[in-house]
Amino acid sequence: MTAPLALTSSRRQDGVTVLTAVGEIDMSNTGDLATAIEQVPGPIVLDLTGVEYLDSAGLSVLFAHADRIQLIATALLEPVLTISGLADLTTVHRP
Amino acid sequence: MARHHDGEPAGPIADRAASVFAADWKVGADLARVDWSATPLGPPDRWPVSLQTAVSILLASKFPMWMAWGEDLTFFCNDAYRRDTLGQKYPWALGRPSHEVWEEIWDAIGPRIQTVLATGEATWDEALLLFLERSGYPEESYHTFSYSPMRDDDGRIVGMLCVVSEDTERVIGDRRMATLRDLGSDPSVLRTEREMLDFAVTQLGRNPYDLPFTLTYLYQEGGGARLAAATGFPGGHPAAVDFLDPGGATVWPIEMPLRGESAVMPLDGAVFADLPPGPWAAAPAQAMVVPLRQQGGQPYGFLVAALNRYRAMDEGYGAFVELVAGYIAAGIGSARSYGAQQRRAEELMELDRAKTTFFSNISHEFRTPLTLIMGPVQELQNRLSDADPRVREELEAIRRNGMRLGKLVNNLLDFSRIEAGRMRAVYERVDLAVVTRELASVFRSAVVKAGLDFEVDCQTLPSAVYVDRDMWEKVVLNLLSNALKFTFEGSIRVTTRAVDGQAQVEVADTGIGVADEEMPRLFERFHRIESARSRSNEGSGIGLALAKELIALHGGVITATSAVGEGTCLTIRLPFGSAHLPSDAVFSEPGVDSAPTGADPFLQEALRWLPSAGESAGGGAGAAVGRGEQAPEPVAGPRRAGPADAGRVLVADDNADMRDYLTRLLRGAGYEVTVVADGRQALESVTADVPDLIISDVMMPDLDGLALVAALRGDPRTASIPVLLLSARAGQEASIEGLRAGADDYLVKPFAAAELLARVRANIELSQLRSHHIRWRNALVDSLQEAFFICEQDGTVVETNAAFGGILGYGPEGLPYRPAHPWWPEAATEPEAHRRVAEAFTALPGRDRGTQTVPVTHREGHRLWISIASDRVRDPDSDRTVIVGTFRDVTAEYYAVQRETALAALAGCLARATSLPEALTGALEELKNLWHARRVVAAVFGSGDEPVLTTTDPALAWPQLAAERRRALADLRQQPALTTVADEAGASVLLEHPDGPLVLGIELGEQRPLSVEDLLLLSLLGSHLAQGLARVHQIEQQRETAIALQRAILGPSSLPEGFAVRYEPATRPLEVGGDWYDTVRLADGRIGIVVGDCVGRGLSAASVMGQMRSACRALLLQDASPARVLTVLDQFALDVPGAVCTTVFCGVLDPETGNLTYSSAGHPPGILVHSDGGTHLLEEGRALPLAVRPEHPRPESICAIPARSTLLLYTDGLVERRRRSLSAGIDQAGAVVRAGRDAAVEDLATDVINSLAPAGGYDDDVALLLYRHPAPLQISFAAESSQLAPVRQALRGWLDQCDLPPGTVQNVLVAVGEACANAIEHGHREVRGEVVLFRAEAGVDSLHLTITDSGSWKPPEIQSGTDRGRGLTLMHALMNQVVVTPGPTGTTVRMHKRIGL
């Protein structure tokens, strides 16, 4: 069984694609996350507000696209993003 | 200066002076030449009258004089003085001041002169030593002189007159004379050359004036001269050289004196430096070397005499030294000749001693051949009494001469004894008249036969006389024999009288007499008086000499008066009493009167001289006459006939003839004879075969007769054999010596055959009588059932009986048995047994009495046990302590006891054992001790691949055994059970063991045989062991069953997570009691918790408890309401005997929420300790114990157990103590839990049970149950990524129960997720399906997380920058501590997170 993760993509008014993830991200479903991001060309806003768990496998996907993504994350994920250094590479917005 | 001038013409002054000096023209002329005007006296014509007169008198005197006058004490002297004293100072001295003239002696005379001038009193000095330089050298001189004052015309003292006489010649002459006189003072006492030289040294040393030093050299045989004496050398000096070698230049000339020449030599040269000066101021300058002349031979040596340098070497001096040398030479000559004479005397004495010894020895030596002549001759005479008269005549001649020779030998022996001082007289108080009369009567027949009158007139004497009977006999018989020999007609007269206070015995004859000139030599030894006529030419010339010596021994004298043709009278005078005799040889009691014993030879000899008697003596009757008077003919005849009762005789003699003779004699008398050549052989023979009698010579090589007797008497087996000693040594002292040594009888050679046989017979009869007693004793000893033995102090067994041989197999033929006895076990193979028996036997002499049991070896090799009883006994014969012992064979008893002991030990060991291994180990130890084995092994061939080995050597396992041994043990399984097999190692036996066949091996470790009894015992013990093991096995099984049952009723074997329990039954070895705990997993996930306590302890309480526990459990499963469960349990308890009053805590826990619903039936409250240490008692929901009021409703309460708090439930045994309130115990328990609230519950449980235990242990059942909320989370999952989400889910739930801050939860989730991902990704890349274990446990303020996989992680540095490297970074960042421990079977990650940080 893979960790529950729902990914929905939408386009903001400024044309930027917003990818919304809900659930948990671990090594069992990082492939899904990666596929979803790669399908979107250009800048992307990744909304992790509904993500309850993010581990280093998920972080490594985000690192791969760090130059074109912005994150929206709750305080729950903040330690992970900060410790890993991703917060320094991308813009993290509070919801 | 007032010197005269030769040839100066005399002036008028001189003329005047000439009248003053006219009294002596010689000295006067010289005086006149003195220039007197230059002296204070002025010209003589002006001299006062008194001076002129004095000078005139001086010159006129013939007595030596000198005078001093005036302020300068001007010197005058006369001619006599000039001649004797002044010497070369004349005429210089005339007119000079006196102190100039006698400058050298002014110290001595100046003060005297001043005294005279001052006091006017005259002085007087006699023989004063003055060193005058009148002859060109300081000269030793002696002067007697007087100074008298001289007065001038006014009567003033103006000078002095000295009248002197010189004593030099007299003083020195006297001195030399004294030395010569002393040298010759007493030479007679100087025995040796050394003494003489020492004496000379003393004497010469007393005259160091003439002889400052002397050296006496004596020529040596090999050349050169040795210093023999020296004087004047206080220490050594090169000149006093010890030896003058003839080869080279010597300090002193040795050749010159050897030629007899003397010389004076100067003492120049380095060797003479620092010579001792003697009493003089300077050392001598000359020495005289004088030969020590020998009359008619070369000089003995020479004398070096240092000369007094203050005397001229004149004729007198030289003569003196020559005389000294002459004295010394004479002394040496005398000493040497004395020494030579003394050596000669000593040589002569030695010669004399040798002669005496020779006589003594040769006389002894004569005795043996004499015996061998006399014995056979007498035998021959007896046997040939009917033979040809010529034969008989010749035999008689042999016998007679033999007897004579014997007499001669005896006389010689007597002489030699007297000379050697060995003649031991025994002076007895006798009536001399009676004794002498008896002796005379012996000769009566011969005297009468000779046709002479025999007059015996022995008057009784007034006092007793002390004589040695044997000696006196010789004296009288010699005198009588002598008288008869030289008397042809007339009479012989013997008289005793008391004359002049002495006893007088006279033997007077009317014989041929002795010439006057022969009389002085009458008593001289070996001197025979040549006479015209005698009855016989025989005679050694020692008869009278011997008589004289013997009489002298008695303090008496013998004298003779004789006239040729008229006869001779010999007169003996003996003192009365015993005062003149040595007291130790005097016996006051008169001795037993006995017939003369030594008369026979004398009489035989005398009769032989007589023509008629000669014919008579020629036949056998002659011998019979003599003997008939002495001793009865021995009855030897019948003895020769009967060999039936004849004894066995051992003859020991080194003389083959003697052996043959004795053998013939004894065999002839029917004895069985064994002969040996010396004492040593005799001892050997006796040891092998005990004879009835031993006849032994005294003198034998190697071991002589006396030593043989001593050896025989020293050995109990031979102590009683009679011994007859034969000796050539006559005399009582010899026989006493023999008898003292232990001989039974003593016979002196020569002896009569008949006497020997008589003694032999008597001794053998005695011996046989004695041996009869011995046989009786031996029969008694042999009849004893017990073994009997006698052993000596050193342990040597010297006597045994029949039973001894029967028991041990060692019979009397092997005696003596010396330690180590042959029945001792071998020291090499059985050291312990050897030690015991050796101790027992060596301890025998030291023990008064006692009994001990020891192992011995039978001659045939089997083991015996004997019980020895011993006692010390003093042997009356030898006066030695011996050990008498008895023993019996206790082998059967010993083995019975050993068997019983061993069985008891084995049984005890099996009874104590609580398990099979313990039983077997203990049994092996017993077997090892029993046989003192090196090792005992037991191999159980069970179901396993290799047998299970149990040994007394704990380090040993089956594979370590030698292959052969393993095989041997394995092969034994083929043997029938309980059949013992002796093998190389020792012995083995096959037994039944509950696990399979058991091979038991006894390994002795030494080459010692196990006896049949040992094997039997092993078999017996083996069967007991097998039974014992079976029994132990059975008990073990029962016990295991009981324990399993007990554990079954106690509680669940597995507890839910978070719980820990402890149980302490009060009654051992039961493992259960009345208390219990229980946990019940309910269908809804909740957990039922029960802790109960039935009344009482032990098995009965346990059986009630079991029912209550089961009931409670069943009720909980049916209805999870504690109150209702207890209500129903009230009813149940009513029906169970002993269940009333059971207290129970019953609760239902929701592990998710920590909610505990509970009800208590009179049970102590649970203790809840919060994470912050707050403590809370579960005191609600409480009612009475079970079945007390079953109708009462039971309350129920709910308690929320906070996260990370600890609940303790227990029975009262944990906290209830005498004399202490229950609440105090509860507080104590709460404190222990509080202190350990962060510890794992298992550890805490142990801590609680230990901390609360009373000093002597719990005396009531104790049950306790601990729960920590939440229970640890433990998940095992397949190593797949898909498992991460469910694990995370479960962890999230558990973390919720832990009541943590939200951030902490997320951090823990991520860290655990990363660790699990690592475990999945790296630990299990190759192998799928492996399992990862995850455990999470909450403490009071921390979380412990553990992830374990079965793979290995890559080192972090390789992974850095990758996903997993990032994961590890996260773990470290999120956790307080991360420890990754790689191991051979997998990797463990331990993480620690503090709560609240």
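Which residues have the most contacts inside the largest nonpolar core? They are B:Leu1208, B:Ala1229, B:Leu1264, B:Leu1265 and B:Leu1266, in a core of 65 residues. A nonpolar core here is a set of buried Ala, Val, Leu, Ile, Met, Phe, Trp, Tyr and Cys residues joined through C-beta atoms within 7 Å. A residue is buried if 20 or more other C-beta atoms lie within 10 Å of its own, exposed if 12 or fewer, and partly exposed in between, with C-beta atoms placed from the backbone.

This is a predicted model, in which local features need pLDDT of at least 70 and side-chain atom pairs count only at pLDDT 80 or more, while totals for chains, interfaces and linings use all residues. Residues are numbered from 1 along each chain as its sequence is written, and chains are lettered from A and ligands numbered from 1 in the order in which they are written.

Helices (H or I, at least four residues) and strands (E, at least two) are DSSP runs, numbered from the N terminus. Apart from this core lies another, of 59 residues, including A:Leu81, B:Trp1294, B:Leu1309 and B:Ile1320.

**Chain B**

Chain B has 37 helices and 50 strands, and 40% of its 1397 residues are buried. Within helix 8 (residues 193-205) of chain B lies B:Met196, which is buried, with 25 other C-beta atoms within 10 Å. The C-alpha atom of B:Met196 is separated by 6.3 Å from that of B:Gly331, 135 residues apart along the chain.

**Contact of chains A and B**

Two residues are in contact if their C-beta atoms, placed from the backbone, lie within 7 Å. Chain B gives 20 residues to the contact between the chains and chain A gives 18.
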